[in-house]
Amino acid sequence: MTTAQEPVIDVLRPIVSQGIGSVETVPVQGARVRLRQVTTGPASIEGALDESLAVPALIGLARQSEAEGASAVVVDCMGDPGLDALREAVGIPVLGAGHTAMHMASLIGDSFTVLAVLPRLVSRFRIAARTYGLESSLASVRSVDIPVLALDGEQEELVARRLAEMGAAAVREDGAHVLVLGCTGMIGMTRRMERLLAGAGVEGVPVIDPVPLAVGVAQALVRAGLSHSKRSHPDPELKPVVGYPFATTRG
């Protein structure tokens with residue numbers, strides 16, 4: 001594991017589309033952040049099939065990152081595609097944006113709401129909260145009903161207004177104490193959303209931007225000399241794997 005003063009955190013984007021949010025739009029202090037993007041896989045991730053299609057290329061990226069000296073990697077998707085597989089594939093810390101955001105939400109508030117892009121993802125986040133042991137902290141999952149591929153620069157004001165509207169409803173009607181942006185394509189919208197919420201009379205409610213948060217947590221793990229347990233995520237046994245050359249080697 002790299003232990004340099006300035007850790008190198010690789011953010012792995014599991015979609016082939018360009019221009020939909022970027023960690024480069026949010027300054028990260030104390031680390032060098034590199035963005036790596038798959039060249040095979042889905043245009044966006046909006047369900048289990050999309051997640052599965054992204055995983056093989058993500059494994060290759062994670063192993064490349066480890067071989068090229070990355071201190072940790074962050075999966076740039078709230079669905080956490082391949083999180084367990086990547087932790088088996090490499091020894092450096094691997095953080096999922098959704099996994100990290102939901103756990104942190106439960107640490108800073110009694111209840112949280114995830115603001116998903118589409119209605120079809122509501123059940124996915126409920127299942128994720130149950131899987132992560134956070135079901136009792138999940139106030140609700142609400143959808144802004146805007147596809148991932150519509151989260152471009154021209155739509156930012158619309159997306160922010162819709163997020164604030166759903167966020168205010170989650171606080172008032174569902175009892176949410178923390179709000180989590182439910183797509184990493186919404187990166188950089190927290191401050192604007194907080195201003196809109198304050199204008200609607202909703203104050204004191206933190207809004208979590210998942211990827212910058214996950215990068216910060218990755219930095220903390222690196223500096224503490226910690227990574228995921230190999231008892232929980234053991235290295236895979238070497239065996240022939242057809243069509244995926246990166247799957248049988250490490251480093």
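**Strand pairing and a buried aspartate**

Me: How many bridges does S1 share with strand S2 (residues 32–37)?

Reply: S1 and S2 run in the parallel sense; strands are DSSP runs of E, at least two residues, numbered from the N terminus. Two strands pair if DSSP finds at least two bridges between them. For S1 and S2 the bridge count is 6.

Me: Before going on, what sits behind these values?

Reply: Residues are numbered from 1 along each chain as its sequence is written, and side-chain values use heavy atoms, without hydrogens and water. It's a predicted model: local features need pLDDT of at least 70, side-chain atom pairs count only at pLDDT 80 or more, and totals for chains, interfaces and linings use all residues.

Me: Which residue of S3 is the bridge partner of isoleucine 9?

Reply: S1 also pairs with S3 in the parallel sense, over 4 bridges. The S3 partner of isoleucine 9 is alanine 72.

Me: How many residues of strand S1 (residues 8–13) are buried?

Reply: Val8, Asp10 and Leu12 are buried on one side, and Ile9, Val11 and Arg13 on the other; buried means under 20% relative accessible area (1.4 Å probe, protein chains only). S1 is largely enclosed by the rest of the structure, because the buried count is 6 of the 6.

Me: Which side chain does the side chain of aspartate 76 make a polar contact with?

Reply: Aspartate 76 sits in the loop between strand S3 (72–75) and helix H2 (83–89), helices being DSSP runs of H or I, at least four residues. Aspartate 76 is buried at 8% relative accessible area. Its side-chain polar contact (N or O atoms within 3.5 Å, one able to donate a hydrogen and the other to accept it; sequence neighbours count only if both are side-chain atoms) spans 3.5 Å, and the partner is arginine 13.

Key. Buried means under 20% relative accessible area, exposed over 50%, partly exposed in between (1.4 Å probe, protein chains only).
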